[in-house]
Number of protein chains: 2
Amino acid sequence: MDTLENVQLKLETMNAQADRAYLRLSRKFGQLRLHHLERRNLLIQNIPGFWGQAFQNHPQLSSFLNNQDKEVLSYLNSLEVEELGLARLGYKIKFYFGRNPYFQNKVLIKEYGCGPSGQVVSRSTPIQWLPGHDLQSLSQGSPENSRSFFGWFSNHSSIESDKIVEIINEELWPNPLQYYLMSEGARVEKGKEGKPVPARPPGETSEPADNKSN
Amino acid sequence: MDTLENVQLKLETMNAQADRAYLRLSRKFGQLRLHHLERRNLLIQNIPGFWGQAFQNHPQLSSFLNNQDKEVLSYLNSLEVEELGLARLGYKIKFYFGRNPYFQNKVLIKEYGCGPSGQVVSRSTPIQWLPGHDLQSLSQGSPENSRSFFGWFSNHSSIESDKIVEIINEELWPNPLQYYLMSEGARVEKGKEGKPVPARPPGETSEPADNKSN
């Protein structure tokens, strides 16, 4: 007959097994994912201005970009979204920039997630602006200020900030191609619903149906 | 030769496979865990005042309990911690109370977790206090106010609140037995480090080494 102590031991043995099984699974798929993502990054880097275009074509993201942001994002060579822990515990978004007239950083990192009991953890790389090109101070007080990529990047507490992280992680990163391919017309036409319409020759049907990230 | 479109498709196919694999794993261990936990709850319910004693014996939790809290927690028949989503995305802590002189609720639920982009989500059952027994209003302004179980229960924003959720989820729930078994002496002696010392006959070594929750 089970004692409380025996049941407690069985429970903990099983929890340890579960932890190991989750770890194995995340390692297995993590490596597969990494392989595909590295391949994708390489192919994207052969398409000049891919990421800047994808940001501008995204129906919601574009509304957060002012003209200076668009100019700076044209120097964005590579984007990486890293998941922290299992199952969307947090994200690390890495923006790799080429040499540009605005800042010295080669990579800007925005980290976003929650701690063990639900508190938000958010931080971002301090931007080393070049003299006279600090877009944050330049846009101070301008009506564009609240709608600025770099305003978002350095802001860790606004709903808007949450929203942009969510769009990048759950829409842009899972399938940047479909936003890059969006036509101007489709963007204007579909902007409200945020449903991208890829500019494709009619009959071409290779657009993936499932955009789930994981 | 891979095109960007092919790589994108492979990536999404793999992500969908990973999602299904995680779901299968969490269902499998979820059922096993449930079986052990139900067994544990049954055995605990045969030990009158188990949970109240476990709360009082926990070196940190006890410091959050005032005398009225201890009295109310003596009516706590059962505790359940439910995980929301995979891998600690959030928690639902259910307190099942017997008939008591303080409130009408049979169960009080505290929910704690984070949304898709890291924002904290927290809510708790409104307590239906019986006339003249509202511990929250009674303890208003008293020095004990900031250190009250029911102050914590209804507070969704304090560091203290985070801390108590963390202790319940990661220490009390994974192994309540070791706190129930703690001796008064051990509690006083070890209170600072928060390391419980079970009151056990010397030589008995069945205390699990691994207290990991899942």
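Me: What does the accessible surface of chain A come to, and what percentage belongs to carbon and sulfur atoms?

Reply: This is a predicted model, so every value here is computed from it. For chain A the accessible surface is about 10,400 Å². Carbon and sulfur atoms account for 54% of that area.

Me: How many of the residues of chain A count as buried, as a percentage?

Reply: Chain A has 214 residues, and 46% of them count as buried.

Me: How do I read the contacts in chain A between residues at least 6 apart in sequence?

Reply: Ask what share of them joins residues at least 24 apart. In chain A that share is 55%.

Me: Turn to chain B. Where does B:N57 lie, and which backbone oxygen does its side chain reach?

Reply: B:N57 lies in helix α2 of chain B, residues 50-57. Its relative accessibility is 1%, so B:N57 counts as buried. The side chain of B:N57 reaches the backbone oxygen of B:Y179, at 2.9 Å.

Me: Next, charges. How many salt bridges does a search of the whole structure find?

Reply: Side chains of opposite charge can pair when their charged atoms come close. Over all chains, the search finds four salt bridges. One of them joins A:E82 and A:K94, with the closest N and O atoms 2.8 Å apart.

Me: Which parts of the chain does that pair link?

Reply: Distant ones, twelve residues apart. A:E82 is in strand β1, residues 76-84, and A:K94 is in strand β2, residues 90-97.

Me: Are the two partners buried or partly exposed?

Reply: Check each against the 20% cut-off for buried. A:E82 has a relative accessible area of 33%, so it is partly exposed. A:K94 is at 16%, so it counts as buried.

Me: Which residue forms a salt bridge with A:R123?

Reply: A:E111 does, and the closest N and O atoms are 2.9 Å apart. This pair also links distant parts of chain A: A:R123 sits in strand β4 (residues 120-124), A:E111 in strand β3 (residues 107-114). A:R123 is partly exposed, at 44%.

Me: What is the distance between the closest N and O atoms of B:E111 and B:R123?

Reply: In this salt bridge of chain B they are 2.9 Å apart. B:E111 belongs to strand β3 and B:R123 to strand β4, twelve residues apart. B:E111 counts as buried at 19% relative accessibility. B:R123 is partly exposed, with a relative accessible area of 44%.

Me: On to rings. How many aromatic pairs does the structure hold?

Reply: A pair of aromatic rings is described by the distance of the centres and the angle of the planes. The structure holds 30 such pairs over all chains. Among them is the edge-to-face pair of A:F149 and A:F150, with 5.0 Å centre to centre and 85 degrees between the planes. Both A:F149 and A:F150 are buried.

Me: How do B:F95 and B:F149 pair?

Reply: They are edge-to-face too, at 5.4 Å centre to centre and 85 degrees between the planes. B:F95 lies in strand β2 and B:F149 in helix α5, so the pair ties together parts that are 54 residues apart in sequence. B:F95 is buried, with a relative accessible area of 0%. B:F149 is buried as well, at 3%.

Me: Which residues do ring pairs link into a cluster?

Reply: In chain A, they are A:F55, A:F95, A:F97, A:F103, A:W129, A:F149, A:F150, A:W152 and A:F153.

Me: Where does the charged end of A:K110 sit?

Reply: Over the ring of A:W152, 5.1 Å from its centre. In chain B, the charged end of B:K110 sits over the ring of B:W152, 5.1 Å from its centre.

Note on methods: Residues are numbered from 1 along each chain as its sequence is written. Chains are lettered from A and ligands numbered from 1 in the order in which they are written. This is a predicted model: local features need pLDDT of at least 70, side-chain atom pairs count only at pLDDT 80 or more; totals for chains, interfaces and linings use all residues. Side-chain values use heavy atoms; hydrogens and water are left out. A salt bridge is a side-chain nitrogen of Lys or Arg within 4 Å of a carboxyl oxygen of Asp or Glu. Helices (H or I, at least four residues) and strands (E, at least two) are DSSP runs, numbered from the N terminus. Buried means under 20% relative accessible area, exposed over 50%, partly exposed in between (1.4 Å probe, protein chains only). A polar contact is a pair of N or O atoms within 3.5 Å; within protein, one must be able to donate a hydrogen and the other to accept it, and residues adjacent in sequence count only if both atoms are side-chain atoms. Rings of Phe, Tyr and Trp (its six-membered ring) pair if their centres lie within 6.5 Å; planes under 30 degrees apart count as stacked, over 60 as edge-to-face and the rest as tilted. A charge sits over a ring if NZ of Lys or CZ of Arg is within 6 Å of the ring centre and within 35 degrees of the ring normal. Contact means heavy atoms within 4.5 Å. Accessible areas come from the Shrake-Rupley method with a 1.4 Å probe; for residues, only the protein chains shown count as cover.
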